[in-house]
Amino acid sequence: MDPIRVGICGFGTVGSGTFRVLERNRADIAARVGRDVIVTHIGARRDNPRCSTGDTRVSRDLFEVVRDPDVDIVVELIGGCDTARSLVLEAIAAGKHVITANKALIAQHGNEIFAAASARGVSVAFEAAVGGGIPIIKAIREGLAANHIEWVAGIINGTGNYILSEMRERGRSFAAALAEAQALGYAEADPTFDVEGIDAAHKLAILASLAFGIPLQFDRIYCEGISGLSSEDIAYAEELGYRIKHLGICRRTPTGIELRVHPTLIPDDRLIANVNGVMNAILVRGDAVGPTLYYGPGAGSEPTASAVVADIVDVARTLTADPEHRVPHLAFQADRLSSEPVLPIESVRTSYYLRVTVLDQPGVLWRIAQILSDAGISIEALIQKEAPEDQDTATMILLTSVTEERRMIDAIRAIEAQDATRGPVRRIRMEKLDG
Ligand code: HSE
């Protein structure tokens, strides 16, 4: 049988890793697919000094790969949205299957791309877009297909997890831990996407669609990063038996779907609380299976290539299958997607960590407890730090019961309006993740 011909657009960290893995494991891959898989064309805007392309054709113009009749599958690994979207849509229009690691592209343009692919009868695969080398897309889309999925919570940005781990383990400030992540090449020179939660929100949009059968809705995700976290809060959380992790959470509720990315206190005895450094982990709760946890490297050259090549194998195996017999892009058939609403953050229900700085006076704690009690919020744990001798303020840390976010917003306003309160109340959401 003729070999399957692959074109790779983008020859940076992931593109070169994909090329290397396809070359090195060629015999295994051919045995799995039933046909040889060869790279016939690479689109690289510049040379990659760390990887030889051998005799493979190389073009500076990425669109030459898409237009090459000797390419059956286009692998898009350039990142960004504009050129990537044009490349992918042109490849689909030309009847080629597409594989991408581009979470921003899928989160923001996936609905359009999947509609175009279905109309043309081709596949778009994106395993590497979430969790790097962890096969989480396949797990949710196929392995958990029996389940009504209740919630998903994941550490889905390795850079952010590295920074939080450094802050906790070494007492570093956010700025120092970020500088270290940049020096090690984990964080981008412009780390906004990683530290402000945007990268995690792209990935959560994809996970939520697969889990709940809803269209991709990146714009509706509540997104808060880790740049406002202090090592003080991480230490107080630890004292109370919690770790602070940056989580992407999606949850079904009777009134709609919660979609949120934010720092979260979780009990320190949960497996996911002990995922450190640049590793990713995703907890998925299905009604039949219960809680399941997927762990592994969320980035890196060959870990990400592992997911890209798995997609190549998957697509190659289905080349002769009728399009309607392929696994649907978003796990559910495109004409059976749900219109369940996404809830605004004010309607989310969770519990909270509050850090309040107050004048060290009699009755202050009583007034704060009264405000929370009037809002129907119970205090589950409390620590108060003695005021240092040269200061007249004290720090109170409170853990609350579950409440609706809008009630907590009102209660925080009332606490901040007290004469004895100094500065804003620090609020971090809290989840038990106990299944
Ligand atoms: N920037 C991402 C992270 C890696 O730090 O997890 C690729 O998704």
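Biologist: Is K138 buried or partly exposed?
Modeller: K138 counts as partly exposed because its relative accessible area is 33%; buried means under 20%, exposed over 50% and partly exposed in between, with a 1.4 Å probe and protein chains only. This is a predicted model, in which local features need pLDDT of at least 70, side-chain atom pairs count only at pLDDT 80 or more, and totals for chains, interfaces and linings use all residues. Residues are numbered from 1 along each chain as its sequence is written, and side-chain values use heavy atoms, with hydrogens and water left out.

Biologist: Which residue forms a salt bridge with K138?
Modeller: D314 does, with the closest N and O atoms 2.8 Å apart; a salt bridge is a side-chain nitrogen of Lys or Arg within 4 Å of a carboxyl oxygen of Asp or Glu. The pair links distant parts of the chain, 176 residues apart: D314 is in helix α12 (residues 301–317) and K138 in helix α6 (residues 136–143). Helices are DSSP runs of H or I with at least four residues, strands are runs of E with at least two, and both are numbered from the N terminus.

Biologist: How many salt bridges does the structure hold?
Modeller: The structure holds 36. One of them joins R251 and E258, at 3.4 Å between the closest N and O atoms. R251 is buried at 19%, and E258 is buried at 2%.

Biologist: Turning to A208, where does it lie?
Modeller: A208 lies in helix α10 (residues 198–212). A208 is buried, as its relative accessible area is 1%.
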